[in-house]
Amino acid sequence: MILNESDKLWLSEVIEKIKEKMDWVSDKSKDKIPYTTLDGNYDDRSIDNPSGNVADGINWWTNGFWGGMMWLMFHETGYEKYKEIAQISEEKLDQCFSDYYGLHHDVGFMWLPTSVTNYKVTKNQESRKRGMHAANLLAGRFNLAGGFIRAWDDLVDTDTRGWAIIDCMFNIPLLYWASEESGDPRFKQIAMRHADTAISAFVRLDGSVNHIVEFDPFNGGVVKTYGGQGYEEGSSWTRGQSWGLYGFMMSYIHTKEEAYLNTAKRIAHYFIANIAESGVIPVDFRQPNKPKLEDDTAAAIAACGLIEIAKVVGEHEKDLYLNAALKLLRTLDESRSDWSHKSDAILQHGSAAYHADSHHHPIIYGDHYFMEAIFKLKGNDLYIW
């Protein structure tokens, strides 16, 4: 990335703040798998299960991000402690394979930042085996009639056999990797079929995206769409926009199919057009003016995707995407972060969903993608996906 002198200075200062923060936070939380904070302290999803649901404890979908943060820090600093902490998370996730129940489409989120990254960095054969195991589980969720990977498992009183979600664009890179690693084209074929379906079924003409699409699981075809974690059906859940923006870039990176790049750009143009002057991203771009709910995780994820687009487009386009990413990241650093010892987390204003019981609290993937974006700006970053 070609940055001006002011941006270079800011970037170096943020990297130093990340290093200082993660140095003590990693020591304090080395045996945890965090999701959010309680009174400033990370919780531990490896032992906590807030709802009692089989998918909410060690099987919780975000349980790969802490390990991913540690690999990012190992790549940046070379400090062995980060590699060792990342491997603690990875080994704890073995229980998920033996439990089986509770795993669903999000195995990519869980094992790409942990086992697959470990294998990429160290060539650990046990990590390769875990990654391939997870890839086979994900491939097994593919619905041939509809051309999609099923989201979640059975829900009480809800038939989800035909459900797919935009988030899964982040899981299918596990399948691309599995094909690249094994030479077996089936994984890539499934990933591309899902991505192709997502273009037509999830991405609207204006570049906004649906969160949940229900297909006919027996005959294929769209049945209906759902608002999911956004404000309502037909609205514009911002983290969903960022899953699509960065997610289609991931498919482009692995396949070099122009359709995926063009789709990522279409979503990016919609996202950029909706960035407020303040740089703060709401939970849903079409939510009511009050309450002013925001989600800094959407901003961090989108920044990653925007930077990846800037890497591959022509010189006359780069600044559009790079400047938008910088605006988002500077806002997060300057007004949405806690760099003190009062909180284990960096970003403080995450929101899981518009209609969630609580808002504006740390969520682990916010920090992961913020760090990822910052290191992308520096160059020579560790690409996890």
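## Close-up views of a predicted model

**View 1. Helices α5 and α6 pack side by side at an angle of about 155°, with axes 8 Å apart.** An axis here is a line fitted to C-alpha atoms, for helices over the stretch in contact, and angles run from 0 to 180 degrees between N-to-C directions. Helices (H or I, at least four residues) and strands (E, at least two) are DSSP runs, numbered from the N terminus. The two helices α5 and α6 are therefore roughly antiparallel to each other (angles under 35 degrees count as roughly parallel, over 145 as roughly antiparallel, 65 to 115 as roughly perpendicular and the rest as oblique). The crossing of α5 with α6 is left-handed, a term used if the near helix is turned anticlockwise from the far one by less than a right angle; clockwise would be right-handed. On the α5 side, the contact is made by V107, W111, S115, V116, N118 and Y119. From α6 come Q125, S127, R128, R130, G131, A134 and L138. Contact means heavy atoms within 4.5 Å. Sorted by class, this contact of α5 with α6 has six nonpolar, five polar and two charged residues. For that sorting, Ala, Val, Leu, Ile, Met, Phe, Trp, Tyr, Cys and Pro count as nonpolar, Asp, Glu, Lys and Arg as charged, and the others, Gly among them, as polar.

A word on the model itself: this is a predicted model, where local features need pLDDT of at least 70 and side-chain atom pairs count only at pLDDT 80 or more, while totals for chains, interfaces and linings use all residues. Residues are numbered from 1 along each chain as its sequence is written, and side-chain values use heavy atoms, with hydrogens and water left out.

**View 2. K123 sits in the loop between α5 (107-122) and α6 (125-139).** Zoom in on the backbone here: phi of K123 is near 65°, a positive value in a residue other than glycine.

**View 3. Helices α9 (residues 238-255) and α10 (residues 258-273) pack at about 155°, their axes 8 Å apart.** That makes α9 roughly antiparallel to α10. Their crossing, α9 over α10, is left-handed. Look along α9 for T238, Q241, S242, G244, L245, F248, M249, S251, Y252 and T255. Those residues meet E258, Y260, L261, T263, A264, I267, A268, Y270 and F271 in α10. By class, the contact of α9 with α10 has eleven nonpolar, seven polar and one charged residues.

**View 4. A cis peptide bond joins K290 and P291.** Omega is about 0° at this bond between K290 and P291. To find the spot, follow the chain into the loop between α10 and α11 (296-312), which holds P291.

View 5. With 0% relative accessibility, G147 counts as buried (buried means under 20% relative accessible area, exposed over 50%, partly exposed in between, using a 1.4 Å probe and protein chains only). Leaving out residues up to four places away in sequence, G147 touches F142, R193, H194 and T197. A191 is 44 residues from G147 along the chain, and their C-alpha atoms are separated by 9.6 Å.

**View 6. N143 belongs to strand β3.** N143 counts as buried, at 13% relative accessibility. Setting aside residues up to four places away in sequence, N143 touches F148 and P217. The C-alpha atoms of N143 and F218 are separated by 8.6 Å, although these residues are 75 apart along the chain.

**View 7. D157 lies in the loop between β4 and β5 (163-165).** Here the residue is exposed, since D157 has a relative accessible area of 81%. Phi of D157 is near 65°, which is a positive value in a residue other than glycine.

**View 8. D7 is part of helix α1 (residues 5-28).** D7 is buried, with a relative accessible area of 11%. Apart from its neighbours within four places in sequence, D7 is in contact with L326 and R330.

**View 9. C168 and C304 are cysteines without a disulfide partner.** A disulfide is a covalent bond between the sulfur atoms of two cysteines. Counted as pairs of cysteine sulfur atoms within 2.5 Å, disulfides come to zero. The sulfur of C168 is 17 Å from the closest cysteine sulfur, in C96, which is too far for a bond. C304 is in no disulfide either, as the nearest cysteine sulfur, that of C168, is 19 Å away. C168 is buried, with a relative accessible area of 1%, and C304 counts as buried at 0% relative accessibility.
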